[in-house]
Amino acid sequence: MVPDKDLTIVFRSSPRLLGDVRAMIRSYLCNQGLDEDKIQEVVLAVDEACTNSIRHAYTGQEDKKLELSMNSGDGWIELELCDSGIPAPYDRVKRKSDEAIAAEVLTPGGLGMHLIYNVFDDVTFTPGEAEGNTIMMRLRCA
Amino acid sequence: MALELSQVEQDGHCIVMAKGEIDLYSSPQLREAILKACKATKGKVGVNLSEVAYMDSSGVATLVEGLQASGGADSFLLLAPSPSVLKVLQLSRLDSVFSIVETL
């Protein structure tokens, strides 16, 4: 079967691995014609998505599965992260104002979602009916 | 890249030196170092971030916690933050919350 994404990595939900995952995302983005500034932002935002899955969907359990797909085409770079943990409540993943975030900066996960929305052109967060979350993060590129 | 932390006393103030990457894995170590510095000094607490190659929102939350633990922006300073630290503070719209200086 031909994969429908350029690159997919499957990794354990261990914070220790996040540095390796960031290095792989960076490596993929370096070949997509983005400038260093944007690469830094995208790496950060995807790392935030992984962090949220580990902390909230998997409540810190380190032996669960995360799957990150990267793809590009039609003027878009797309990164999609899937977990099979606890579906996020809508209020935690919806887009909020800068003021709301400043007021609740220590609320777990809130700042990470804010960064994701600020970096990408299009973000779709889909909590599963019974379990799991999918977050599609899309960046328009030249 | 791991996170290396050390503590330096200077004129009655306490500086936490951070070097490496601050993320979900390493931010608990930074938190511990900052809270220890807050207890150790009656002066100001500075966190030197000049050699931090990467920081995410768990690092930002840790710094906000330090800000609260030390009593506010007059007594908690971010020293010479690297460009990647500045970027995450700006993206978080929190750069104005902190006192950012080159030296203590």
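Two residues count as in contact if their C-beta atoms, placed from the backbone, lie within 7 Å. The model is predicted, and I read the entries below with that in mind.

Sheet of chain B. I looked up the strand order and found an open sheet of 5 strands, β1-β2-β3-β4-β5, with mixed pairing. β1 (4-10) and β5 (99-101) of chain B each have a single partner strand, so they stand at the edges with one side lacking a neighbour in the sheet. On average, neighbouring strands are turned by 25° against each other, direction ignored. I then checked β2 (residues 13-22) and β3 (residues 45-55) of chain B, which run parallel and are joined by 8 bridges. V16(B) has V47(B) in β3(B) as its bridge partner.

Helices on the sheet. I found α1 (residues 27-40) of chain B across β1, β2 and β3 of chain B, at about 175° to β2(B). α2(B) lies across β2, β3 and β4 (76-79) of chain B, at about 180° to β3(B).

Helix pair of chain A. I noted α1 (residues 18-30) and α2 (residues 36-57) of chain A packing at about 140°, axes 10 Å apart. That angle makes α1(A) oblique to α2(A). Their crossing is right-handed. By class, this contact has 10 nonpolar, no polar and 3 charged residues.

Between the chains. I recorded 19 residues from chain B and 22 residues from chain A in the contact. α2(B) gives the largest share of chain B's side, 6 residues. That side divides into 9 nonpolar, 4 polar and 6 charged residues.

Note on methods: Residues numbered from 1 in each chain as written. Chains lettered and ligands numbered in written order. Predicted model: local features only at pLDDT ≥ 70, side-chain atom pairs only at ≥ 80, totals over all residues. Axes fitted to C-alpha atoms, helices over the stretch in contact; angles between N-to-C directions. Helix = DSSP H or I, 4+ residues; strand = E, 2+ residues; numbered from the N terminus. Parallel < 35°, antiparallel > 145°, perpendicular 65-115°, else oblique. Left-handed = near helix turned anticlockwise from the far one by under 90°. Nonpolar A, V, L, I, M, F, W, Y, C, P; charged D, E, K, R; others polar. Pairing = 2+ DSSP bridges.
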